[in-house]
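Here are a few exercises to work through with the model open beside you. Try each task before reading its solution.

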Amino acid sequence: MTNGLAATQFEGAVDSVLTEGISAVGVSWLVVPGPLDSALRLQVERVEVEGLAATIEDLDLRCPHWQVSEARQACAEAELAVSLAGRRVSAAASWESGQSGLSLSAESDLFDGRVRVELAQDGAGMRLNLAADELAVNELLDYLPALPPETLGIASGRVSLNASLAGDGTQAEVGFSISGLSFDSSDGTIAGAGLGLTGSAQIDLDEPLAVSSEVLLERGEALYAPIYLELDQLPPLRIQTAARIDAAGQVSLTSFTVGDGDALAASGAALIGPDGAVAELDLDLEQFALPLAFDRYLKTALESRGTRGLRPSGQIRGRLELRGGEIAHATLALDDLALEDDQRRFLIENLSGIVDYDAAGDSLDSELSWDRIGYYALVIRASAARFFVGGRQFRLLAPMFAPVLDGGIRISELALNNVGLEEMSIDFQGDVEPISLELITRALDWPVLTGTLSGQIPRVRLRGGVGEVGGAIRLDVFDGEVIVDQVKLERVFGVLPTLAAEVDIRGVDLQQMTGAFSFGEIEGRLDGTVHGLRLLNWTPVAFDLKLQTPEGYRGKRKISQRAV
């Protein structure tokens, strides 16, 4: 009680106050009655709110015009100050409560921006509106729930948003825009600079948390190595998601769509663990239209690896399924795919077909056809291949012929088993139909040779890193014949691979063989043997060589002075 000239003051204190989701410690109050209204001061040492990483400390509420009656209480022009993570924050506030309900509003300069909160509660339920203008993203993150240590480091950015919470307090709607967002990961594989985006989200705060959202990426640069995007040069990239997040941090992405309208369209679902690893994925690539999608999403990634000047066209579609982080099924469909580059290294014309892979081996038959496929000037003309790929196996389903220049390569058998494992095996059989050596050497920009190349390749088998040829390899070259027999390879894909073989040369025309070289010309025929040939790491370490003119040969035997 004060002296006779002062109004009566009412004050009190409690150690703690507990309500659902909120705890307050060190609560005290002071009320000074007046003729029309009263003055109220409320102080709290510490407030903890569930879901808010930062603790509220030193709360100080001053209400100079507190009106109290049986039916109503109200406060206008209140001042609120709190300490959040060591920072003192002040706000202007007002509230009114009574039989009709509760209304509250507060406005503050916060996070280097401006925040306004409005709360209303009546018979229809509760409504909470939050408006924020130009908040600093890196400052805002300090007050959100703790994020994993591998989370991207936010360098800068501004966010504006409008959020509302209605009904029983578990349904929220948010509209937001972010400008100038820059971030990067510790390993530098994920980064953004000057990003601008707008979006909206609907949030169900029940357990598990459910979120559906739509985001438009419109400005800035983004890196998700090796993909680099200059968003200023692209139409807005639209991303829509629906997800549920459980208490352990596992994200069930029940649906998502990504697209920019004319180049890319993809959709699917995913399961992402608390560590950010994708455990399950169902992805449908509905549209990847070239060259637009290539220029927007792949060009810079390939150019960073030295592949420049590529010009693709056509359409790519596909499906990918991951289970346990591993590929379970994949399908790739190509429609009139074409590719060439400024340096004339690669050439593809009208590549079409479908490739189907299943980890369990339940694959559908795959088939590809093309008009031309080339590497530099060496071109495989119109052809097709039917094959099976799945369960670590590849198998050609029908013999195929690949026309090359004026001849071609016929493959009658090709099968791979246990691909990627140490016990991988390969079976191959084929032959080479006569191809002009002149055309081959011109195509490869080598010294021009005359004659033809043809021959037979018998069954080749590779088992446990050891390869054997079931017969002799016969090559018809320089109007003669080269026979390679007793071929054996060891550690083909390992350290220090070895090759052993017996080679016989019969009737090679020396004029055809030497005519293209500047050291001079030799005429005649050549027989010879290279027996006991052994290569270690593809370098000869042993052989017995014998070269001679064929017995009974009656043709010219000349050697130019330059050759001597």
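**Exercise 1.** Which residue in β33 is the bridge partner of Arg474?

*Solution.* Some ground rules come before the steps. This is a predicted model, in which local features need pLDDT of at least 70, side-chain atom pairs count only at pLDDT 80 or more, and totals for chains, interfaces and linings use all residues. Residues are numbered from 1 along each chain as its sequence is written, and side-chain values use heavy atoms, with hydrogens and water left out.

Step 1: find the strands, which are DSSP runs of E with at least two residues, numbered from the N terminus (helices are runs of H or I with at least four). Step 2: go to Arg474 and look across to β33, where its partner is Ile483. Step 3: count the bridges; β32 and β33 run antiparallel and are joined by 5. Two strands pair if DSSP finds at least two bridges between them.

**Exercise 2.** Locate the backbone features at Asp58, Asn537 and Pro291.

Step 1: Asp58 has a positive phi near 50° and sits in strand β4 (residues 56-68). Asp58 is partly exposed because its relative accessibility is 45% (buried means under 20% relative accessible area, exposed over 50%, partly exposed in between, with a 1.4 Å probe and protein chains only).

Step 2: Asn537 shows a positive phi of about 55°, in the loop between β36 (525-536) and β37 (539-548). Its relative accessibility is 42%, so Asn537 also counts as partly exposed.

Step 3: Leu290 and Pro291 are linked by a cis peptide bond with omega about 10°. Pro291 belongs to the loop between β18 (278-290) and α2 (292-303).

**Exercise 3.** Which residues form a nonpolar patch on the surface?

*Solution.* Step 1: the members are Val495, Leu496, Leu536 and Val541, together giving about 360 Å² of accessible area (Shrake-Rupley method, 1.4 Å probe, only the protein chains shown counting as cover for residues). Step 2: check Leu496, which lies in the loop between β33 (480-490) and β34 (498-509). Leu496 is partly exposed because its relative accessible area is 44%. Step 3: recall the patch rule: residues with over 30% relative accessible area and no salt bridge, like charges joined within 9 Å and nonpolar side chains (Val, Leu, Ile, Met, Phe, Trp, Tyr) within 5 Å. A salt bridge is a side-chain nitrogen of Lys or Arg within 4 Å of a carboxyl oxygen of Asp or Glu.
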